[in-house]
Amino acid sequence: MKKMLICGLSLCLAMTAVAKNVQLADRVEPMAWWAGMAHTELQLMLHGTDVAACNVAFADDALPIVRIEKTDNPNYLFVYVDTKNAQPGMYQLIITNGKKRQKIDYLLRKRADGSAERSSFGPQDAVYLLMPDRFANGDPSNDNVAGYRQGVVRGDWHQRQGGDIQGIIDHLGHIADLGATALWTTPLFDDNDTRYSYHHYACTDYYKIDPRFGVNDDYKRLADSCHVHGLKLIMDVVPNHCGIEHWWMKDLPAHDWFHQWPEFTRTNHNVSIWTNPDLSEYDITLLEKGWFDNNMPDYNLANPLVFDYLRQAYTYWIEFAGIDGLRIDTYPYNDIWDAARLMRAFNAEYPNLTIVGECWVKSPSQNAFFQMGAKNKNGFDSGLQSVMDFTLRDIFDWSFKEDEGWDKGTLRYYNHFAQDFVYPDVNFVMNMLDNHDMDRYAELMHRDARLVKMGFAVISTIRGYPQFFYGDEVMMHSELGSYEGSRHTFPGGWSDDEHNAFDPAQRTAEENDIYNYLRNLLHFRKGCTALHTGKMRQFLPNDGVYVYFRYNADDTVMVVMNNRDEERTVDLQRYNEFDIVGKQAVEVPTQTTIDLGETLRVPAKTVLVLHIQK
């Protein structure tokens with residue numbers, strides 16, 4: 001009897017040891033998911049000391065495990081789960097190692113109605129770009145957060161300034177009033193770098209909004225608030241690299257998780273290599289596998305574990321927050337074939353989702369190479385519905401400040417648009433006067449309001465759709481020649497600002513003039529389908545006067561540019577193939593009515609935007 005009691009006690013102790021919930025995995029990512037996704041195979045990344053030696057299953061096999069992948073690091077385990085027939089609910093993931101057991105509750109959420117079919121941004125939109133740290137500080141309590149290396153140092157543009165998600169939400173009315181219909185913010189993910197963390201292109205945790213911006217639910221609140229204001233929210237996606245302070249860097253998931261070099265090796269930054277039919281292997285290897293900077297480890301997207309992780313990380317936020325579109329950072333710095341697979345994966349999940357790629361090239365043909373549907377000889381298709389026209393941006397920089405010539409001034413526009421035939425869909429080209437990686441347009445125009453208005457008029461009426469950088473609407477001050485010079489704080493975004501450009505009553509007369517000029521253009525553009533997908537017809541410039549039309553069955557818009565320093569009288573008979581002589585037109589920015597006779601007087605350095613009345 002005593003022997004049996006001892007054995008019974010031993011069995012009881014063993015069961016107690018097995019039942020004890022210990023930590024075998026300190027991370028499971030993603031931390032939750034959704035039932036009913038198009039991609040039904042879910043990757044769970046488990047991290048913990050020697051977790052690869054553990055057994056993993058869901059209680060009662062409620063979620064089937066398809067396969068388990070291990071790497072050369074025993075502290076990681078990649079578990080692939082079949083969610084095809086799974087219902088929303090809480091499931092229990094059980095991790096065991098001998099007598100040790102860990103139980104983790106795992107939530108499969110219900111997808112929002114219509115999630116897969118969500119609409120996105122496109123030619124009908126005007127995009128407002130902002131950097132959250134530099135826009136507005138809505139919650140000073142998160143300026144400095146324990147455990148984060150950088151806090152706020154006001155006025156030092158290399159340091160954080162304190163802008164946050166609440167600050168953006170507080171001023172969505174300003175963005176909507178301007179007439180923008182989509183908001184693109186630079187990244188908001190955790191970035192605990194030791195320097196330059198304010199820009200957040202060096203992520204240190206993909207499943208965490210940086211606490212100096214807010215918490216995860218604040219990002220969803222931002223998306224919801226955007227939708228209330230009639231704005232679509234575009235997420236900035238960075239598939240090329242993360243930050244050197246990412247928690248992975250202390251314990252690499254695999255030796256080939258990143259592109260490794262014997263010593264730090266920077267990319268050559270020349271993305272034209274991809275379109276060069278005579279490229280060298282040396283150059284393409286350096287472009288694709290070199291690090292963007294010494295604090296930005298370069299991903300190896302050819303590793304399927306890396307690919308699946310990043311695909312899921314960004315899909316998580318689209319689903320969780322209700323994101324309306326994607327902007328892809330440094331697209332050609334990846335292996336573009338892997339990047340294209342990633343874009344197709346996003347669109348398999350969200351067929352109507354627009355993805356615009358940053359492909360910083362300097363010719364229309366190179367740009368068109370990166371748009372979905374291009375007839376490239378090598379068969380490459382990027383998966384990008386939209387690309388950015390950096391070549392046109394350079395023309396904006398030069399054209400209004402130089403004398404007219406056979407290859408200068410307004411002829412630059414004519415020659416540029418004459419190459420639009422290379423694009424699979426020119427209506428999905430994003431146009432910009434500036435952005436967060438270049439000098440501000442107003443400063444390049446020497447803060448000449450006439451030239452700034454010319455830029456606004458053209459970019460709001462040409463094919464494609466416009467993107468504006470926060471502060472453009474009030475000619476915000478900047479300093480030429482550096483990234484930080486264009487990334488100053490919006491005046492009025494901080495409680496101690498002496499000047500508040502969010503408030504019309506506190507703006508200067510010039511700021512209100514510029515703001516209202518752009519506002520009239522953008523509100524008109526919202527309702528004018530000819531400026532969304534209408535045809536464009538341009539006339540060869542003559543003596544500094546350049547004319548083009550945007551038109552469809554419902555609307556005709558005539559744009560007349562005088563790039564001379566003197567007033568010009570334009571003979572309208574030259575353009576009467578549109579039957580404009582004898583009609584009335586409304587000049588959109590000034591809201592004045594003009595009778596179109598035989599001639600039209602156009603002031604110096606002016607662009608007239610004429611809505612022809614039927």
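## Glutamine 573 and its contacts

A contact means that heavy atoms lie within 4.5 Å. Leaving aside residues up to four places away in sequence, glutamine 573 touches Val581 and Glu598. This is a predicted model, in which local features need pLDDT of at least 70 and side-chain atom pairs count only at pLDDT 80 or more, while totals for chains, interfaces and linings use all residues. Residues are numbered from 1 along each chain as its sequence is written, and side-chain values use heavy atoms, with hydrogens and water left out.

Glutamine 573 lies in the loop between β22 (568–571) and β23 (584–587). Helices (H or I, at least four residues) and strands (E, at least two) are DSSP runs, numbered from the N terminus. The side chains of glutamine 573 and glutamate 598 are joined by a polar contact of 2.8 Å. A polar contact is a pair of N or O atoms within 3.5 Å; within protein, one must be able to donate a hydrogen and the other to accept it, and residues adjacent in sequence count only if both atoms are side-chain atoms. Glutamine 573 counts as partly exposed because its relative accessibility is 38%; buried means under 20% relative accessible area, exposed over 50%, and partly exposed in between (1.4 Å probe, protein chains only).

## Aromatic pairs

The structure holds 48 aromatic pairs. Rings of Phe, Tyr and Trp (its six-membered ring) pair if their centres lie within 6.5 Å; planes under 30 degrees apart count as stacked, over 60 as edge-to-face and the rest as tilted. The ring centres of tyrosine 207 and tyrosine 309 are 6.1 Å apart and their planes stand at 85 degrees, so this pair is edge-to-face. Tyrosine 207 is in strand β12 (residues 205–209) and tyrosine 309 in helix α7 (residues 304–322), 102 residues apart. Tyrosine 207 and tyrosine 309 are both buried.

Phenylalanine 539 and tyrosine 575 also form an edge-to-face pair, because their ring centres are 4.9 Å apart and their planes are at 85 degrees. Phenylalanine 539 belongs to strand β19 (residues 535–542), and tyrosine 575 to the loop between β22 and β23. Both residues, phenylalanine 539 and tyrosine 575, are buried.

## Confidence

The average pLDDT of the protein is 95, and 97% of the residues score at least 70. pLDDT is the predictor's confidence in each residue, from 0 to 100. Over residues 1–19 pLDDT stays under 50, and the model has three contacts beyond four places in sequence for them. Where pLDDT is low, the predicted coordinates should not be read in detail.
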